[in-house]
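Colleague: I am new to reading protein models and would like to go through one slowly, feature by feature. Could you give me the general idea each time, and then the case at hand?

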Amino acid sequence: MIQRTLVLIKPDGVKRSLTGEIISRFEKIGLKIIGMKMQYIDKEFAQKHYTEDISKRRGEKVRNNLLYYIASGPVIAICLEGVDVIEIIRKIVGDTEPKSAIPGTIRGDYSHVSYGYADDKNLPVKNLIHASANKEDAKNELKLWFGKKEIHDYKVDHEEHTLN
Ligand code: CDP
Ligand code: MG
């Protein structure tokens, strides 16, 4: 089914000038960009994106480092549309831990550190991308990041070949 999802190019991806490279991977497989902007979020907004759920899953320390990381520079927020796009994007992005992310995935191609290294140094795991994990997260996250007027309905030329 056609779905929508949120992707963020995190501050490390933007500062490493990987924005174009990352976006082209989504476009090449036929996904449609229906919303996109650059935003420099503050800690309050970061807390709405990375909710208490992160503390429950990863611990309070990880969440605090993560809040600092995501608000440390501008991010590119993208709303993507496509068939089963939530799962497809997670596949293209790769494993959360750069060390485990396989080559060919964005994280596997552009990052390499381990949880052990980051945790030992009390650093966030800089893995370039955020991607909604499931339908409910995608719905809530898109509502947080995009207003209705920032989402655009249009046809791309290749739909005739990719979707029909
Ligand atoms: O981003 P993803 O959905 O793959 O993973 P998550 O479990 O939702 O964790 C959110 C983010 O926390 C990760 O993408 C990492 O940037 C960060 N993290 C971290 O800084 N240190 C860890 N030990 C684990 C995750
Ligand atoms: Mg997540």
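Modeller: Let us begin with pairing: two strands pair if DSSP finds at least two bridges between them, while helices (H or I, at least four residues) and strands (E, at least two) are themselves DSSP runs, numbered from the N terminus. This is a predicted model, in which local features need pLDDT of at least 70 and side-chain atom pairs count only at pLDDT 80 or more, whereas totals for chains, interfaces and linings use all residues. Residues are numbered from 1 along each chain as its sequence is written, chains are lettered from A and ligands numbered from 1 in the order in which they are written, and side-chain values use heavy atoms, with hydrogens and water left out.

Colleague: Which residue in S3 does valine 7 stand opposite?

Modeller: Valine 7 stands opposite isoleucine 78 in S3. Strand S1 (residues 2-9) and S3 run antiparallel and are joined by eight bridges. Strand S2 (residues 32-39) also runs antiparallel to S3, with seven bridges between them, and here glycine 35 is the residue opposite cysteine 79.

Colleague: How many residues of strand S3 are buried?

Modeller: A residue counts as buried under 20% relative accessible area, as exposed over 50%, and as partly exposed in between, using a 1.4 Å probe and protein chains only. Strand S3, which covers residues 75-83, has eight of its nine residues buried, and is thus mostly covered. In the protein as a whole, 46% of the 164 residues count as buried.

Colleague: What is the overall pattern along the sequence?

Modeller: The protein has ten helices and four strands, and they follow one another as β-α-α-β-α-α-α-β-α-α-α-β-α-α. The radius of gyration is taken over C-alpha atoms, and the globule rule is 2.2 Å times the number of residues to the power 0.38. The protein has a radius of gyration of 16 Å, close to the 15 Å that the rule gives for 164 residues, so it is as compact as a globular protein of that length. Its C-alpha trace spans about 50 × 35 × 25 Å along the principal axes.

Colleague: Which elements do the buried residues of H5 pack against?

Modeller: Contact means heavy atoms within 4.5 Å. In helix H5 (residues 60-70), the buried residues are Arg63, Asn65, Leu66, Leu67, Tyr69 and Ile70, and the buried residues of H5 pack against S1, helix H1 (11-15), helix H3 (43-49), helix H4 (52-58) and S3. Across the protein, residues 24 or more positions apart account for 76% of the contacts with a separation of 6 or more.

Colleague: Is glutamate 159 buried or exposed?

Modeller: Glutamate 159 has a relative accessibility of 11%, and therefore counts as buried. This glutamate 159 is found in helix H10 (residues 159-162), and, leaving aside its neighbours within four places in sequence, it is in contact with Lys32, Tyr154 and Asn164.

Colleague: Where is serine 17 placed, and what is its phi?

Modeller: Serine 17 is in the loop between H1 and helix H2 (19-28), where it has a positive phi of about 60 degrees although it is not a glycine. Because its relative accessibility is 62%, serine 17 counts as exposed. Asparagine 122, in the loop between helix H8 (115-120) and strand S4 (129-131), has a positive phi of about 55 degrees, although it is not a glycine either. With a relative accessible area of 39%, asparagine 122 is partly exposed.
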